[in-house]
Amino acid sequence: MTDEELRVSKIENGTVIDHIPGSQALNVLAILGIDGTGGETVSIGMNVPSDRLGRKDVVKVEDRELSQSEVDVLSLIAPAATINIIRGFEVVEKHRVERPETVTGVLQCSNKHCITAEDEPVDSRFEVLDDGVRCVYCDSITRENIAAELLI
Amino acid sequence: MRHDHITSAKQLSRADIEGVLDRASEIAADPSAYADRHEDALLGLMFFEPSTRTKMSFSAAMKRLGGDIVDMGPVDSSSVKKGESLADTVRVVEGYADALVMRHPSEGSAQMASEFVDVPLINAGDGAGQHPTQTLLDLYTIRENAGLDDLTIGIMGDLKYGRTVHSLAYALTNFETRQHFISPESLQLPRNVRYDLHEQGSSIKEHTELDGILPSLDVLYVTRIQKERFPDEDEYQKVAGQYQIDSELLENTKDSLTVMHPLPRVDEIAHDVDDTDHAAYFEQAHNGVPVRMALLDALLGGDR
């Protein structure tokens, strides 16, 4: 574990999500569906100094591993994140998030005139670009503040 | 043409475009040869927004191919008024027609609707999104007047919300064109169109004034700047006045300059331009019929 990760306590079993862009930790928790009511033990480091990101956030969730769909969505707001699976206080797996080609049903379109903003029986669907997402229906590109469009 | 639906100019390759334009040329040269081409075909018209030219030219095109139309009529008198979803409406209407033409105020509506139907669906305008059949008749008009390769075109007016601009700019990337975009800063090309043109490696230049580039243009494509895009009338008058052309302005252009406009115009092209050799906008509007005949023929499976 790095010094930064030690700013908050070590965990025995669970997941450490590191290299989240500064101030995005709460959005990461939202993606994981964690609002505190589920009883999970969660530790957060926010705006920790980082060589790579300047400031980064770190999230540690005990007794929880991430699903692929959670990782896909996570990649949109934290493309440089690393995911460490911890068992018995040791990192047993470490991998970077990979951006999927498309995401379905997890973001709303930032274009208020998009058909997906109407009451239609379709899930939102986005093509994932290098630096944003693009609605497959109205073609709008969202780059800034993707977290604000999360549906989960 | 291999497409089931025509929702965006982005799906049209150079070969697709040339195929439609060639067929349109054949039709224009001898319309009677196509008069009974699709005798039993019915075209469903679904216009959720008002339309004159597009709707009438699709109707004329279908009838000149020997077919007929069924029209949803104005939204006020339709089931949409009762709160029916677009997805439901198109699934019902596809049972009444062999192909559908749809205009809808929401961007992406045509793409979504196409996912719910099996008959060919043609986008006749989705909000500020796309208007691919206007683009085909624009390209036909450009080809007839100036040729589509080694072309310098200026596209002027409301580039942000103008769906005809979005479709045309993309389609032109299939050809050897230099595109100049002239607009007030507040109405420049939207991010997604800019992104696509960049991805296509297109050479685009953006200007806030027409003066400097007018003499270099082969085609000037003018679009309407709408009042409602501006916070107040004064601001609109100030800006819109800079993007109006008249015959005096056109004295400093190439003799062969072709002036186009998707119509309706308000005052962005003065009436004294109509009588000059530059004016091609009425011809452009008339070209909607053979071009839409060609497109319908292709989509309805007309043999070549």
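This is a predicted model: local features need pLDDT of at least 70, side-chain atom pairs count only at pLDDT 80 or more; totals for chains, interfaces and linings use all residues.
Student: How many residues of chain B are in contact with chain A?

Tutor: Contact here requires C-beta atoms, placed from the backbone, to lie within 7 Å. Chain A contributes 18 residues, of which nine are nonpolar, four polar and five charged.

Student: Which helix supplies the largest share of the side of domain 1 of chain A that touches domain 2 of chain A?

Tutor: Chain A is divided into domain 1 (3-96) and domain 2 (102-149). Six residues from domain 1 of chain A and six residues from domain 2 of chain A form the contact. On the domain 1 side of chain A, the largest share is four residues, and these come from helix 3 (residues 68-77) of chain A.

Student: What distance separates the C-alpha centres of domain 1 of chain B and domain 2 of chain B?

Tutor: The assignment for chain B gives domain 1 as 9-127 + 288-299 and domain 2 as 133-285. Taken over C-alpha atoms, the centres of these two domains of chain B are apart by 25 Å.

Student: Which element gives the most residues to the side of domain 1 of chain B that touches domain 2 of chain B?

Tutor: In this contact, 17 residues of domain 1 of chain B meet 16 residues of domain 2 of chain B. At least two residues of the domain 1 side come from each of helix 1 (14-29), strand 4 (121-126) and helix 10 (288-299) of chain B. The most, five residues, come from helix 1 of chain B.

Student: Why is strand 1 of chain B largely enclosed by the rest of the structure?

Tutor: A residue counts as buried if 20 or more other C-beta atoms lie within 10 Å of its own. Strand 1 of chain B spans residues 42-47, and it is largely enclosed because the number of its six residues that are buried is five.

Student: Which residue of strand 3 of chain B stands opposite B:Leu45?

Tutor: Strand 1 of chain B pairs in the parallel sense with strand 3 (residues 99-104) of chain B over five bridges. Strand 1 of chain B also runs parallel to strand 2 (residues 68-71) of chain B, joined by four bridges, and there B:Leu45 faces B:Asp71. In strand 3 of chain B, the residue opposite B:Leu45 is B:Val101.

Student: Which helix joins strand 1 of chain B and strand 2 of chain B in a β-α-β unit?

Tutor: These two strands of chain B are parallel. Together with the helix they make a right-handed β-α-β unit, and that helix, residues 53-64, is helix 2 of chain B.

Notes. Residues are numbered from 1 along each chain as its sequence is written. Chains are lettered from A and ligands numbered from 1 in the order in which they are written. Two residues are in contact if their C-beta atoms, placed from the backbone, lie within 7 Å. Ala, Val, Leu, Ile, Met, Phe, Trp, Tyr, Cys and Pro count as nonpolar, Asp, Glu, Lys and Arg as charged, and the others, Gly among them, as polar. Domain bounds come from an automatic or database domain assignment. A residue is buried if 20 or more other C-beta atoms lie within 10 Å of its own, exposed if 12 or fewer, and partly exposed in between; C-beta atoms are placed from the backbone. Two strands pair if DSSP finds at least two bridges between them. A crossover is right-handed if, with the strands pointing away from the viewer, the path from the first strand over the helix to the second runs clockwise.
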